[in-house]
Amino acid sequence: MSSDNEDTTSSSESEQSDSGRDTLEFIEKLSDVPMGKLPTHVDFQRTRVDCRADAPVHTDTFQYSGAYASMGVDNSLLDNFSNNFRVEVIRLEKDEMEFDMIGIDPAIANAFRRILIAEVPTMAIEKVLIANNTSVIQDEVLSHRLGLIPIKADPRLFAFTENDTANETNTIVFGLKVSCEKQAKRKGPKREGQEQEGQTRITVKSKDLVWLPNGSKFTLDSEGSNSSSKSKTYTSFSCSQDSLPEFSSNPIGPTDGDITIARLGPGQEIELEAHAVKGIGKTHAKWSPVAPAWYRMLPEVILLKDIEDQMAEKLVATCPVKVFDIEDIGNGKKRATVARPRKCTLCRECIREGKGWEDSLSLRRVKDHFIFTIESTGVLPPEVLFTEAVKILLDKCDRAINDLC
Amino acid sequence: MELGSFSDPSQSTFSLIDEDHTFANAIRFTLNQDPRTKFCGYSIPHPSDNRVNIRIQTTGDPAKDVFKDACQNLMVMCQHVNRTFDKAVVDFKMSKSVDGMDIESNS
């Protein structure tokens with residue numbers, strides 16, 4: 001659309017002074033005013049981020065439903081969201097998954113990501129009762145390390161702690177009692193720099209944490225403790241957790257038994273009890289179920305011109321992630337092709353050198369195509385974590401609606 | 001939750017407690033998708049407060065109704081995402097197990 005059109009319009013107006021309607025009809029008949037369809041350059045701005053050598057452009061999304069109303073295009077996603085939205089699983093492993101989420105606005109995709117990191121609840125050690133710690137690692141550092149150990153227990157089976165009362169529905173208790181014998185009693189090969197045979201350090205691992213399904217074994221110090229038949233402990237379990245059907249088949253413990261907690265020298269020991277409770281990552285990162293969850297937009301690499309021979313070889317050599325390949329086009333000529341656009345990290349190394357490269361090569365991102373990766377800490381499988389995150393967003397909406405009523 | 005002006009229901013500010021960008025940005029998107037919305041935006045008055053203010057001005061309908069519809073639209077989207085995702089995961093697991101069988105039979 002240009003000054004040309006305006007010129008013709010104004011001239012036609014001067015000829016037929018009374019007819020505004022005719023003018024309108026004339027304008028609508030013009031071939032270069034597309035109705036019900038976006039011009040290619042506007043559609044490009046809407047759907048792609050263009051990554052130039054200096055900076056990316058068209059990075060915003062156009063959320064307003066009437067953004068293209070003047071061109072007869074409805075910009076509301078909601079009506080055709082159910083038709084256009086797609087999920088394609090790329091990789092699904094025990095603790096990790098990658099999938100493509102296509103046809104969704106970044107606002108929603110980001111809500112899922114944020115919820116995964118900060119709002120999906122898990123169990124983590126929150127209280128540590130230390131009976132004895134003669135190791136070099138201080139009580140508070142030891143407690144912090146214990147807190148970061150992921151606990152393999154389905155958080156959906158537990159409740160959040162209320163009023164600081166620990167019972168079988170909201171607390172998991174672990175005991176840890178390790179000591180390093182002074183001399184000789186420990187058998188082991190003599191290590192370098194070791195004065196006596198058998199004198200060795202030991203490493204306390206997360207597998208040394210013993211699940212106590214009956215709750216705390218430490219008794220509360222109170223005057224009446226001697227008189228009562230059963231002394232009170234730090235937890236009030238009404239039944240053993242391993243009698244519950246959910247836990248009898250798969251006992252609770254750390255996700256990995258090989259996490260180092262501390263190292264003990266001869267004569268040192270640790271005796272403690274760790275209480276794990278339900279929480280969310282917003283409170284402390286130890287409750288975050290992912291490590292971490294992220295997404296990136298789908299890269300799109302387009303060759304605007306043919307890149308041949310030495311230029312092609314140079315292009316292939318420049319790319320650090322090997323996006324390009326070379327194909328033979330006969331007569332001993334070679335041409336660059338885009339073989340693995342998905343690998344592009346948008347380092348822009350290929351278009352950095354001079355304007356020529358930027359004219360022959362276009363790096364883009366598809367705005368509504370997200371490559372979503374979830375790495376679970378092992379607490380729940382990644383696909384379950386994602387469905388939990390979606391449910392949490394649903395709950396948020398539900399709560400907002402209820403608050404309004 | 002608080003409502004803004006009582007004289008003009010078509011424009012109000014909703015103050016949501018215990019919410020942040022996660023919900024506010026998502027709901028701003030669904031609000032923007034509603035043609036009845038003239039303006040909408042959100043702000044977090046102070047980073048230490050767990051509070052987000054969502055401002056809605058409509059073309060005439062009560063802002064409360066538009067906000068409620070936006071929440072419902074977001075819920076519909078979430079349910080659709082959940083269904084699509086579950087189906088994709090099941091399909092992927094199915095295709096994987098079929099592939100695994102193929103490899104075994106070939107070897």
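Let's start inside chain A: Glu98(A) sits in strand E4 of that chain, residues 96–102 (strands, E, at least two residues, and helices, H or I, at least four, are DSSP runs numbered from the N terminus). This is a predicted model, where local features need pLDDT of at least 70, side-chain atom pairs count only at pLDDT 80 or more, and totals for chains, interfaces and linings use all residues. Residues are numbered from 1 along each chain as its sequence is written, chains are lettered from A and ligands numbered from 1 in written order, and side-chain values use heavy atoms, without hydrogens and water.

Glu98(A) is buried, at 14% relative accessible area (buried is under 20%, with a 1.4 Å probe and protein chains only). Leaving out residues up to four places away in sequence, its contacts include Arg91(A), Arg342(A) and Phe372(A) (contact means heavy atoms within 4.5 Å).

Now for the interface.

| Chain B with chain A | Value |
|---|---|
| Residues in contact | 39 of chain B, 44 of chain A |
| Buried area | about 3800 Å² |
| Salt bridges | four salt bridges |
| Polar contacts | 10 residue pairs, both at pLDDT 80 or more |

Buried area here is the accessible area (1.4 Å probe) that two parts lose on being put together, summed over both. Carbon and sulfur atoms give 72% of it.

A salt bridge puts a side-chain nitrogen of Lys or Arg within 4 Å of a carboxyl oxygen of Asp or Glu. Asp20(B) and Arg114(A) form one through their side chains, at 3.2 Å, N to O. A polar contact is a pair of N or O atoms within 3.5 Å; within protein, one must be able to donate a hydrogen and the other to accept it, and residues adjacent in sequence count only if both atoms are side-chain atoms.

Definitions and conventions. Buried means under 20% relative accessible area, exposed over 50%, partly exposed in between (1.4 Å probe, protein chains only).
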